[in-house]
Amino acid sequence: MALAMTATMSAQSYVGMDLGYSWAPSMIWDGDDELTEDYDNKLDISATFFTGKQLFSAASLYGEIGFGFDYKQFTENTDIPLVGDCKNVGSIMSLDVPVRLAYLITVNQLTVKPFAGIGARFNVSAKNKTTIGDDTETINCFDEDDLGDDTWKRFGAFYTFGATVGYRGYTVGLNYIKDFTEIYDDVKLNNGLAVTLGIQF
């Protein structure tokens, strides 16, 4: 009887974690990737913890809510005439709360889970560090003393959709995220496809 109860509970709910990496442009300007095309290196990683609960007993439709961390870093190296090498490093740290609908298909130990939803974001930190020779200047993009009236926005909203394939609880998937809101004038933070690796049980 205990085994039967455990099986029923696992069918009605689950928890999991996804680790993601995105190679697509993560900041867009007027719907274009012009803002990031000249960057020499880009790092975009994320981690999301989530839980899902079955919404209807007769269907494998689940509601998911998660809590995620996202870190982006952009590096650009340029040569300024009569000055020398200039290195710009921009970094953004954010906390995300996605809310999704997922349809879980299970065949033996294989699972397929398409999903779609929306989410809210709080931008914890956004900085730009410029190094020219031995001189370094760091700008806080949320500080009015650094940017005046052009400070970036702390809060944002996005939509997401994708799918994961799992075997014995281990998953691999694709997750597309695009922002509704701008982080500053004409610039959105997310517009890319991420590959995810995770666990779900």
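Visitor: Is Asn108 buried or exposed?
Guide: This is a predicted model, where local features need pLDDT of at least 70, side-chain atom pairs count only at pLDDT 80 or more, and totals for chains, interfaces and linings use all residues. Residues are numbered from 1 along each chain as its sequence is written, and side-chain values use heavy atoms, with hydrogens and water left out. Buried means under 20% relative accessible area, exposed over 50%, and partly exposed in between (1.4 Å probe, protein chains only). Asn108 has a relative accessible area of 75%, so this residue is exposed.

Visitor: Where does Asn108 sit, and what is its phi near?
Guide: Helices (H or I, at least four residues) and strands (E, at least two) are DSSP runs, numbered from the N terminus. Asn108 is in the loop between β6 (105-107) and β7 (110-132). Most residues other than glycine have a negative phi. Asn108 isn't a glycine, yet its phi is positive, near 55°.

Visitor: And Arg168, what is its relative accessible area?
Guide: You'll find Arg168 in the loop between β9 (155-167) and β10. Its phi is positive too, about 55°, although Arg168 is not a glycine. Arg168 counts as exposed because its relative accessible area is 56%.

Visitor: Stepping back, what pattern does the protein chain follow?
Guide: The protein chain has two helices and 12 strands. Of its 201 residues, 34% are buried. Read along the sequence, the pattern is α-β-β-β-β-β-β-β-β-α-β-β-β-β.

Visitor: How many salt bridges are there?
Guide: Side chains of opposite charge can pair when their charged atoms come close. A salt bridge here is a side-chain nitrogen of Lys or Arg within 4 Å of a carboxyl oxygen of Asp or Glu. By that rule, the count is six.

Visitor: Which residue forms a salt bridge with Lys72, at 3.0 Å from N to O?
Guide: The side chain of Lys72 meets that of Asp44 in this salt bridge, 3.0 Å from N to O. Lys72 is in strand β4 (residues 61-80) and Asp44 in strand β3, so the pair ties together parts 28 residues apart in sequence.

Visitor: What is the N to O distance between Arg100 and Glu64?
Guide: Arg100 is buried because its relative accessible area is 8%, and Glu64 is buried too, at 3%. Their side chains meet in a salt bridge, with an N to O distance of 2.7 Å.

Visitor: Which residue forms a salt bridge with Asp179?
Guide: Asp179 is buried, with a relative accessible area of 4%. The closest N and O atoms are 3.1 Å apart, and the partner is Arg121.

Visitor: Is Asp186 buried or partly exposed?
Guide: Asp186 has its place in the loop between β10 (170-179) and β11 (187-188). At 39% relative accessibility, Asp186 counts as partly exposed.
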